Each structure stands twice: as C-alpha cells, then as structure tokens.
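Open the model in your viewer and keep the selection tool ready. This tour moves from stop to stop, saying what to pick and what to look for.

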Amino acid sequence: MKNTHIQTTVDDHRIAKLAAFAILLHMVEAVIPSPLPGVKPGIANIVTLYVLYQYGFATAAWVSILRVFASSLLLGQFLSPTFILSLSGAVVSLAALWLAMHLPKRYFGPVSLSILAAFGHIAGQLLLVRFWLIPHAGVAYLIPVFASAALFFGLINGLITAKLLYNKR
Amino acid sequence: MRYLLLLLTLLLTSCFNEPLYHSQSYVFGTLVDISIYGESDEHARFLANHILDDFQKLHHQLHAWKPVSQNQLSELGQLNAAFQQANSPTPISPALAAMLEDATELSIKSNGLFNPAIGHLISTWGFQRDEFTAIAVDEAAVKNLLHAQPRMTDIVIKDNAAYSTNPTVKLDLGGYAKGYALDIAVAYLRKEHVKNALINIGGNIIALGKHGDSPWRVGVQHPRQPTAITTLALADGWAVGTSGDYQRYFMLNGKRYCHIIDPRTGYPVEHTQSVTVLVPPQPLNQSQAGVLSDVASKPIFIETPENRSKAAQALGIENFMVIDDKARIFVSKNMVNKLNWLTPNVQFTTLP
Amino acid sequence: MFNLPRYLKLLNPKLITQHVLSGDWLVLIAGLLCVLYLFQTLWSGEHAAKVQIRLGDKIYATYSLNQQREVHVHGKLGDAVIVIAQGKARFSKSPCTTQYCVHQGWLSHAGQAAICLPNQISLELMGDAKPYDALNY
C-alpha cells in the first residue's frame with residue numbers, strides 16, 4: 001500500500017493554529033455556566049474577527065467552521081441540535097461579516113463588524129429554532145433578550161478585537 | 001449622543017404615561033365604560049362620576065320593570081301603570097315627553113319595526129327580568145297582544161301629561177335609553193369643554209374628539225366568538241351600536257330565543273345574528289347620533305333579508321353591517337371602506 | 001503580572017472608545033434602536049400577557065397569563081371561578097343563571113373580554129397592541 005502524505009501549506013498550519021485557539025475559547029465558554037440558557041458572550045468570535053482583518057475572509061471562514069465542528073466533536077455534541085444551532089449561527093454570522101467588510105473602512109471598524117456578526121449569529125439560530133426545532137410562536141418572546149445580548153457582547157468583542165489589532169501595530 | 005438618549009427616554013415615557021383616564025362601572029344594568037383623554041386624572045374622574053350619576057338617575061326614571069324603591073315605581077313604571085286605564089292623563093316630565101315624542105317619530109319612520117310600546121310582549125317572553133330563564137311561551141297571550149296592536153301612536157301627550165288610547169301599551173325603552181344616555185353624556189362633556197372622550201354603555205359607543213393623534217378605535221364583537229370581528233374608527237360625534245341575538249337570549253330544546261321580538265309576529269327574530277350601525281353626528285333638532293345608533297339597528301335586525309337596505313334607508317342609515325343566521329356577512333356600500341377586518345380573507349356581500 | 005493600576009487604566013472611557021469610528025457609533029445606535037423596537041413589538045404583542053379582573057367598578061387583580069392559576073372572585077351573586085392557563089383565561093364557574101360568561105370560553109388575544117353582568121365581574125386581556133379602545137357588542 002502506498003503511503004500517502006497530505007501536503008500541507010503554511011496557510012493550513014495557520015488556520016489550524018488559529019482554529020485551535022478559537023476551539024479553546026469555545027470550550028472555556030461551554031464550561032462556564034450561563035445565567036440564561038442560550039445567551040453566551042461568544043468570545044471565540046474575537047478570533048474569527050481578528051483573522052478576518054489579518055488574513056482575509058477565506059481564512060476566517062475556515063477557522064470559524066472548523067471551530068464549530070471540532071468543538072462539537074470534543075463536547076460530544078456532533079450533529080446534535082446544539083451543533084446545528086452553532087453551525088447555522090456561524091454561517092449566517094459569516095455572511096453578515098462578508099457583507100459588512102465591504103463597508104468603507106474609514107468609518108466602519110471591528111466594532112461594527114462584531115455587532116453585525118453577533119446579530120447575524122442570533123438571527124441564524126433563531127430562524128433555525130423557529131422553522132425547525134420549536135415551530136411555534138413561543139420563541140418570539142425571547143428575541144429581544146437575545147438581541148440585547150448580541151448587541152452587548154458584539155460591542156465588547158468588537159472593542160477587544162480593535163484593541164488587539166491596533167495595539168499590536 | 002446624550003441628547004439622543006434623552007429623546008429616547010422622553011419618547012418611551014410618553015408611550016407609557018398617556019393622559020388617558022378610564023373607568024368602568026355597572027349602571028343601567030350593564031357595563032359603562034368611560035375613557036377621557038387629555039384631562040387631568042382628577043378632573044376626568046369628576047366628569048366621569050357626574051356622567052355616571054346622570055346615568056343612574058336616567059336608569060331610575062326609565063326602568064321598565066324595576067321599581068326605584070319598594071313603594072315607588074320609576075317614572076316610566078308609573079306611566080305604564082296609568083296606561084292600563086285608558087284615557088287617564090298622567091303628568092310626566094318635559095324630558096320624558098321629549099323622549100316619547102322622539103321615539104314615536106322613529107317608530108313611525110321604521111314602519112313600526114322599532115316599537116317600544118310592546119313591553120307586554122317582551123315580558124311575556126320573560127326578557128323583562130335581570131335573571132331570565134328558558135320558558136315555553138304562552139302562545140295565546142302573544143296572539144292576544146299581537147291582535148291588540150299596541151303602538152307608539154296610541155300615546156297622546158298634551159300639557160305635560162300623557163295617556164294611552166290603547167290599554168295594552170306598555171313602554172319598554174330598552175332599545176332607546178342607552179343611546180339617549182350617550183347623547184346626554186356627550187352634551188355634558190361638550191358643555192364642560194372636554195375635547196376627547198369615548199363612552200361605551202353596554203356596547204353602544206359614542207366618540208368625542210380623538211385618542212391622542214389617532215381617532216378612537218372600536219372593535220365590533222363577533223356574534224359567536226369571544227373576540228372582535230372587525231374594527232372601525234369612530235370620528236368626533238359619531239356613534240356605533242349593535243343589536244345581537246347573543247346579548248340576551250335563552251336556549252330551549254336547542255333553539256335560540258333572542259330578546260329582539262318582531263312586532264309583526266310576536267316572536268323572536270331568527271334570521272339575524274347581529275346588526276351594527278354607524279351613525280354620523282345629527283342636526284340639533286332631530287334624533288341624535290346616540291339614540292339613532294341604539295334604535296336603528298333593530299328594524300334592520302327584524303326586517304326580512306331582502307328589505308334590510310330599505311329598513312336602513314327609512315331611518316337615514318348609510319353605514320351598517322349584518323351577520324345573518326348562517327354567519328354570512330353583509331356590508332352597506334358606504335361602510336365597506338370603514339371596516340378593518342381582524343382576520344384575512346373575510347367574505348362579505350356588499351349591499352346598496 | 002497583576003499590575004492592577006495598568007488594568008484599571010484599560011477601563012478609561014477614552015481608551016475604550018479610541019478605536020470606535022463614526023460608522024461604529026451609527027451601527028451601535030442602529031442596533032440599540034433595533035433592540036428597543038424588538039422589545040416594544042414582541043413584548044407587548046398581539047398575544048396578551050396579562051388578564052385584568054374587574055369586580056364592580058374596581059380592578060380586582062391583574063395576573064400574568066403565563067402562570068397557571070385558579071382565581072375565586074366573590075361577585076354580587078356569589079363565587080365565580082376564573083381559570084388562567086397557557087396564555088389564556090376564562091370563566092369556568094359562575095353563579096349567574098344565563099352562563100353567558102362561561103359560554104364565552106377561552107380568551108387569548110389582547111382586547112378580548114368576557115363580562116358577567118349579573119355578577120358584575122369582567123375579564124379583559126391586556127396588551128399594548130390592543131387593536132381598539134372599546135368593544136361594540
């Protein structure tokens with residue numbers, strides 16, 4: 001049998017390292033109990049946002065999706081509702097980021113992107129909940145709570161990312 | 001930023017603290033709901049209490065079957081007692097005389113379909129009681145009363161006294177008094193320079209001004225469900241009234257007997273579930289909007305399906321809605337654009 | 001490692017906002033308005049949140065519709081029983097002879113009301129999105 005060796009690039013290594021860091025943050029957050037189920041700071045998004053600024057959208061998308069898959073495998077939630085929720089949140093959040101990164105850079109910095117991504121995240125999750133998991137109007141009640149949390153943590157994460165990016169320079 | 005926050009808080013507090021006074025009381029044997037907008041709470045309470053006192057007095061004056069106290073009948077009760085002895089004039093107050101003249105005129109206009117003189121017929125059916133029960137009606141009594149033909153035109157009013165040429169006349173102003181009370185309340189509020197109010201006496205509603213920036217909104221009850229079927233805006237001076245077979249009725253052997261009795265047959269109407277009329281402000285020397293909103297729904301309710309529009313026209317009603325015994329909805333041409341259905345795809349027939 | 005004054009300096013508002021651009025403020029304010037709007041519409045929506053019970057001309061009590069309970073109210077004629085469950089409310093027992101109030105059944109939307117005239121008790125579902133000021137019945 002021929003021994004195949006997968007060729008890895010510098011990019012691959014970088015993605016792997018950054019994803020590992022994001023996974024770590026994801027796990028830390030999973031362990032810390034949340035006062036409200038479903039409301040989480042989403043600190044792993046700091047990594048996604050940082051990567052977006054440093055290495056571009058493709059790398060950020062890889063890091064984000066890898067993080068979702070790997071964390072769920074590690075937490076034993078793979079293909080469970082938690083995983084699907086996490087994935088749909090990440091996908092819509094990435095879509096929001098992709099749109100937001102085309103805004104003029106002079107006026108819209110990491111804080112904007114972080115807030116928009118956070119809103120995208122809950123929007124993706126709530127859409128899934130509404131149309132698949134719990135298809136009745138009951139969740140509408142929780143939307144304002146999730147939206148406030150998204151705004152708050154989006155802002156904090158954005159500020160932290162901005163600090164990391166600009167203080168380094 | 002700071003100003004923006006200030007503006008936001010101002011906006012929010014104004015949403016939650018609007019100057020709306022609201023009171024609810026049981027007078028007139030029904031629920032009276034008074035909303036006053038734009039007055040101080042204290043002043044609004046004073047006005048509302050004054051209105052409620054007036055209603056209480058009217059109730060004592062006009063009650064068709066309840067005595068004011070043990071030995072004293074209401075003014076209407078005394079008159080009814082005197083009517084039984086034909087041709088014996090009884091002194092009545094100018095207010096009651098004016099009411100009876102107005103009611104007589106409306107009765108004539110409606111070709112007798114609005115007939116407050118059939119009190120005996122109504123009590124035969126058992127509806128002149130606070131707590132009525134299902135009864136098998138005395139058919140012979142109904143027949144006799146129908147034959148005796150008590151009518152408003154049998155009443156003669158002269159020199160502040162009244163008598164009846166027909167001893168079977170018994171006044172029941174149940175389909176008139178609530179509307180009259182609305183007119184009195186509106187006249188009082190206008191005199192006190194109140195700009196905005198909404199008064200609801202057991203479902204008969206009249207509006208004064210607006211609710212803030214938008215007109216007062218009224219929901220029209222679905223005759224068979226505990227919810228509104230449509231809403232409409234009630235502009236200054238407009239009144240709305242509904243007659244329904246669900247307001248006072250009893251069930252006997254699976255059949256519904258409602259309190260609206262056809263004076264031509266002596267029996268409760270079966271072909272209608274509800275009639276709603278919307279009435280604009282009226283010229284001063286005529287029946288007022290409140291009275292019309294109370295009175296005008298009855299002839300439309302009683303009249304045969306093909307003649308409903310005629311019954312409305314006879315009383316000058318342009319805006320009305322009928323829901324018949326098969327739950328079909330009919331809306332007059334002028335009314336169509338005034339209704340906001342609360343469920344999508346409501347089917348209705350437009351009447352001329 | 002624990003240079004507390006240095007960390008406290010990070011809380012300086014000027015330092016925090018130094019990387020916030022004008023567009024960021026715009027996004028933040030838009031987000032805030034969005035959240036406020038969501039609270040206003042979804043927390044006072046068509047689905048009523050509360051039921052107000054009136055006895056005579058007084059407000060007897062106001063209950064959340066999200067909690068299951070049975071309320072006994074002593075009216076003019078006697079005890080009426082009002083049941084609140086799963087976002088709905090109704091008269092379940094009444095001493096009146098007509099029983100119209102009981103036949104009204106479950107109320108679930110803001111603005112809906114059931115009135116027991118003989119016993120002088122009324123239920124009304126409350127909510128900011130009440131579609132009308134008064135009910136014509």
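How many residues lie between strand 3 of chain C and strand 4 of chain C in their hairpin? Four residues lie between the two strands. Bear in mind throughout that this is a predicted model.

**Stop 1: the hairpin in chain C**

Select residues 69–74 of chain C for strand 3, then residues 79–85 for strand 4. The two strands run antiparallel and are joined by six bridges. Now pick Glu70(C): opposite stands Val83(C), in strand 4 of chain C. Strands of a sheet pair through backbone hydrogen bonds, either parallel or antiparallel.

**Stop 2: all of chain C**

Follow the sequence and the pattern reads α-α-α-β-β-β-β-β-α-β-β-β. Chain C has 137 residues, and 33% of them are buried. Take the contacts in chain C between residues at least 6 apart in sequence: 35% of these join residues at least 24 apart.

**Stop 3: where chain C meets chain B**

Show both chains. The contact takes 24 residues from chain C and 32 residues from chain B. Which strand of chain C gives the most to the side that touches chain B? Strand 8 of chain C does, with three residues. To find this strand, select residues 134–136 of chain C. Strand 6 (113–116) of chain C also supplies at least two residues. By class, the chain C side divides into eleven nonpolar, ten polar and three charged residues.

Pick Gly219(B), and look opposite for Leu135(C).

**Stop 4: a three-stranded sheet in chain B**

Stay in chain B. Here is an open sheet of three strands, in the order 3-5-4, with antiparallel pairing. Strand 3 (90–91) and strand 4 (155–158) stand at the edges with a single partner strand each, so one side of each is left without a neighbour in the sheet. Select residues 161–164 for strand 5 of chain B: four bridges join this strand to strand 4 of chain B. Lys158(B) stands opposite Ala161(B) here. Then select residues 94–109, helix 4 of chain B. Helix 4 lies across strand 4 and strand 5 of chain B, at about 140 degrees to strand 4.

**Stop 5: helix 7 of chain B**

Select residues 177–191 of chain B. At 1.5 Å a residue, the 15 residues of helix 7 should span 21 Å, which agrees with the 21 Å between its end C-alpha atoms. Colour the buried residues of this helix, among them Tyr180(B), Leu182(B), Val186(B) and Leu189(B). Their cover includes helix 2 (41–62), helix 4 and helix 8 (289–295) of chain B. Strands 6 (196–201), 7 (204–208) and 10 (239–244) of chain B are also included. Just after the helix, His193(B) takes a positive phi of about 60 degrees.

**Stop 6: a helix pair in chain A**

Finish in chain A with helix 3 (residues 57–75) and helix 4 (residues 81–100). Their axes come within 10 Å and cross at roughly 170 degrees. Helix 3 of chain A is therefore roughly antiparallel to helix 4 of chain A. Show side chains at the contact, including Phe57(A) and Val68(A) of helix 3 and Leu87(A) and Trp98(A) of helix 4. This contact has nine nonpolar, three polar and no charged residues.

Terms used. Residues numbered from 1 in each chain as written. Chains lettered and ligands numbered in written order. Predicted model: local features only at pLDDT ≥ 70, side-chain atom pairs only at ≥ 80, totals over all residues. Pairing = 2+ DSSP bridges. Contact = placed C-beta atoms within 7 Å. Axes fitted to C-alpha atoms, helices over the stretch in contact; angles between N-to-C directions. Nonpolar A, V, L, I, M, F, W, Y, C, P; charged D, E, K, R; others polar. Buried ≥ 20, exposed ≤ 12 C-beta atoms within 10 Å, placed from the backbone. Parallel < 35°, antiparallel > 145°, perpendicular 65-115°, else oblique. Expected span 1.5 Å × (residues − 1).
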